[in-house]
Amino acid sequence: SIRKKTILLMARHYSWEIPFSFLAFQWAGIIYIYHRNQYIDRAAIWLVSTLAVQEIFQTVVWMFGITADTTASHCNLFNTLMSHCIMILLFAFPVIQLLFAYKTSFYNDLFRRDSVRKVIVKIAIAIYCIWYVASIALRIHSEVQSAQPICIFVGENGYQDWSAMLMAYPLTEHSAVWMFIVYAMNAMFFVPNIALLALYSPLWVIVCHASCTLGSFVVLYVLYGMEAFSMWILISLFNFVWILLSPHIANCMVDSGFVSFHNPSKFLYGSYGHLVQHNMLKSEFTDDERDEYDYERDLINEEEKERMLQ
């Protein structure tokens, strides 16, 4: 109808400014935390930059990919290309979450619980790598089989609707088996947010990320349905706040006596920091830094020995 085309044209011309403004904030934040380099700053960059790159694609879709004739199965070539780029980033997010957890979580080989936790995270990463490939392959198969392109279109609430890439409608509309498979694989997208609460140590580092990512999406889904997937700009802002405040939270924990030690230049604090310094606690995040520290310490000792011998 004429009214629908008018709404879509307005969305095309006026909606790109919103993701663009968030985009500017996100990249400014990424540059800042990279140079600040305290605690989990650089380890978390992959989490936030994935959403920031995705936001670039969303912005250009608003600008050039959505027209008055765009639907779930009909769009221009640019829209289809950007839909595939967003799909690749979107389904990579759970894998990046687990890699972040493996890289920054602390574990102590003296405790069986920590050894089991580390193995579970490794297995989860392997499973989700397979899940990622299968998710992309399933949607490409649906697209090729039906000869219908994957398109991003404007939903009823005026936001981008990604249901065409998420639900693989050509497969699920005519097969209950495919519908079950797609729904099950989509549900796995949120499992890492729950699993990290049990697998990550220390808990305070991950609880904000996991709860905000899952909780905010649930709220958005209730309000906006399938359009919630395209509203990751809000979730990304929660993650940015969490990362920006993490050094200050650690300082508050020290000041309140909750932990007794912290090192703002590295991811060390409390009993974890003491144990890492004495090589009793291990972390993939600190292994490289500890090796570099040991090398520098040995070099200083050698120089001191040579000076004393002279």
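Student: Where is His 84 found?

Tutor: Helices (H or I, at least four residues) and strands (E, at least two) are DSSP runs, numbered from the N terminus. His 84 is found in helix 4. This is a predicted model, in which local features need pLDDT of at least 70, side-chain atom pairs count only at pLDDT 80 or more, and totals for chains, interfaces and linings use all residues. Residues are numbered from 1 along each chain as its sequence is written, and side-chain values use heavy atoms, with hydrogens and water left out.

Student: Is His 84 buried or exposed?

Tutor: Buried means under 20% relative accessible area, exposed over 50%, and partly exposed in between (1.4 Å probe, protein chains only). His 84 has 18% relative accessibility, so it counts as buried.

Student: Which residues does His 84 touch?

Tutor: Contact means heavy atoms within 4.5 Å. If residues up to four places away in sequence are not counted, His 84 touches Ile 140, Glu 143 and Ile 150.

Student: How do I read the span and the bend of helix 4?

Tutor: The expected span is 1.5 Å times one less than the number of residues. Helix 4 covers residues 77-104, which is 28 residues, and its first and last C-alpha atoms are 40 Å apart, close to the expected 40 Å. The bend at a residue is the angle between axes fitted to the seven residues ending there and the seven starting there. Helix 4 bends by about 40° at Phe 93. A proline, Pro 94, follows within four residues.

Student: Why is helix 4 described as largely enclosed by the rest of the structure?

Tutor: Because 20 of the 28 residues of helix 4 are buried.

Student: Which residues does Thr 59 contact, beyond its neighbours in sequence?

Tutor: Thr 59, in helix 3 (residues 45-65), is buried at 3% relative accessibility. Leaving aside neighbours within four places, Thr 59 contacts Trp 16, Pro 19, Phe 20 and Leu 23. Thr 59 and Pro 19 are 40 residues apart in sequence, and their C-alpha atoms are 5.8 Å apart.

Student: And which contacts does Gln 160 make?

Tutor: Gln 160 lies in strand 3 (residues 160-161) and is buried at 1% relative accessibility. With neighbours within four places left aside, the contacts of Gln 160 include Gln 58, Trp 62, Ile 66, Phe 153 and Glu 227. From Gln 160 to Ile 66 the C-alpha distance is 9.3 Å, and the two are 94 residues apart in sequence.

Student: What percentage of contacts in the chain join residues at least 24 apart?

Tutor: Of the contacts between residues at least 6 apart in sequence, 72% join residues at least 24 apart. The chain has 13 helices and 6 strands, and 46% of its 310 residues are buried.

Student: Which residues make the nonpolar surface patch of about 250 Å²?

Tutor: Val 119, Ile 123 and Ile 127 make that patch. Patches are made of residues with over 30% relative accessible area and no salt bridge: like charges are joined within 9 Å, nonpolar side chains (Val, Leu, Ile, Met, Phe, Trp, Tyr) within 5 Å. A salt bridge is a side-chain nitrogen of Lys or Arg within 4 Å of a carboxyl oxygen of Asp or Glu. Ile 123 lies in helix 5 (residues 112-146) and, at 46% relative accessibility, counts as partly exposed.

Key:
Accessible areas come from the Shrake-Rupley method with a 1.4 Å probe; for residues, only the protein chains shown count as cover.
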